[in-house]
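This briefing covers a protein–DNA model, taken topic by topic. Please keep the sequence and the structure in view while reading.

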There are 2 protein chains.
Amino acid sequence: MLGYRLRLAQQAVFRDFAASVQGLSPGRVGLLIYVDANPGVTQSRLAEAAERDRSTMVGVLDQLEARGLIERRRGVDRRTNGLWLTRSGRMLLARALRGIARHEQRIAARLTAAERRRLLDLLGKISG
Amino acid sequence: MLGYRLRLAQQAVFRDFAASVQGLSPGRVGLLIYVDANPGVTQSRLAEAAERDRSTMVGVLDQLEARGLIERRRGVDRRTNGLWLTRSGRMLLARALRGIARHEQRIAARLTAAERRRLLDLLGKISG
DNA sequence: GTCAAATTGTTTGGAACCCAAACAAAAACT
DNA sequence: AGTTTTTGTTTGGGTTCCAAACAATTTGAC
């Protein structure tokens, strides 16, 4: 019951999110944010940060690279690829973040500040 | 932020759920419950109830049938397959439901009754 | 009653996701 | 110098889902 309701709420939020950031899943946005904050980060470190397998990253990064959002550059350690956002990657990320901000506002509008705090608190009790 | 926390909570609940009901995803349990409550239900109706495409059901039902949990019988309308739980399907479902009950208790133990009501209320505000 | 239209389950092809095992290239350690 | 470890990659697998096309069957219109 609770799990079901959690899923419904998450889906509602996700749908709104998806409407805010066309063509970029939450996971992808997370990757772009991380690369933006850590320019030159290695694929393995990024996989670690995202709690995904190295092999999972390959295809994802291939796509982001094909869309011209990130760039792989061979590192001094020639086994590694350093990751950077391209100009258009930074621009798309900025646009996405603005969309996310609007999204947060729409969601926040459904709750008072006190309710929001309470909800986060209760969710924490379940997660932790 | 809120979407992220929702996802964490949902994952926590899901992990606990998975530990309760080995080898049966929440979706599968939902299907078994529905078929149990509506013996002879048609594949299309079941797909409707689960908000999935007819074509999605085929593979899922193939698996459940291969595991000997459900049975397809040609209906009077010979286009249709009526669905029934087999004996072992009913037994497995009963076992799963007991596991889920224990699961709910474990989750409930993290919250007081008042907190639980409050959480469901707040989640409703977000979903609706 | 006959013939077009709708419905049912199915197949095929595809899209996101994800992991594990194996591999070559490169680096680090001994 | 030789062994071990790390990195990115490929391959193969699994899950979950949808859309389009199809034959069999039923329904509806005339």
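**Sheet, chain contact and DNA surfaces**

Strands β2(A) and β3(A) run antiparallel and are joined by five bridges. Strands and helices here are DSSP runs numbered from the N terminus, with at least two residues (E) for a strand and at least four (H or I) for a helix. Two strands pair if DSSP finds at least two bridges between them. The model is predicted: local features need pLDDT of at least 70, side-chain atom pairs count only at pLDDT 80 or more, and totals for chains, interfaces and linings use all residues. Residues are numbered from 1 along each chain as its sequence is written, while chains are lettered from A and ligands numbered from 1 in the order in which they are written.

**Sheet of chain A**

- The open sheet has three strands in the order β1-β3-β2 (chain A), and the pairing is antiparallel.
- β1 (41-42) and β2 (70-74) of chain A are the edge strands, each pairing on one side only.
- β1(A) pairs with β3 (residues 81-85) of chain A in the antiparallel sense, over two bridges.
- Opposite A:Val41 stands A:Leu83, in β3(A).
- Helix α2 (residues 26-37) of chain A packs on the sheet and touches β1, β2 and β3 of chain A. The direction of α2 makes about 100° with that of β3(A); axes are lines fitted to C-alpha atoms, for helices over the stretch in contact, and angles run from 0 to 180 degrees between N-to-C directions.

**Two copies and their contact**

- Residues are in contact if their C-beta atoms, placed from the backbone, lie within 7 Å.
- Chain A gives 26 residues to the contact, and chain B gives 26 residues.
- On the side of chain A that touches chain B, the elements giving two or more residues are α1 (2-20), α5 (87-108) and α6 (113-127) of chain A.
- α1(A) has the largest share of that side, 12 residues.
- By class, that side has 16 nonpolar, three polar and seven charged residues. Ala, Val, Leu, Ile, Met, Phe, Trp, Tyr, Cys and Pro count as nonpolar, Asp, Glu, Lys and Arg as charged, and the others, Gly among them, as polar.

**Surfaces near the DNA strands**

- DNA strand C is surrounded by 19 residues, the closest being A:Ser25, A:Thr56, B:Gln43, B:Ser44 and B:Ser55. A residue is near a strand if its C-beta atom, placed from the backbone, lies within 6 Å of it.
- α4(B) gives the most to the surface near DNA strand C, namely four residues.
- DNA strand D is also surrounded by 19 residues, and the closest are A:Gln43, A:Ser44, A:Ser55, B:Asp53 and B:Thr56.
- For DNA strand D, α4(A) gives the most to the surface, with four residues.

Terms used:
Two residues are in contact if their C-beta atoms, placed from the backbone, lie within 7 Å.
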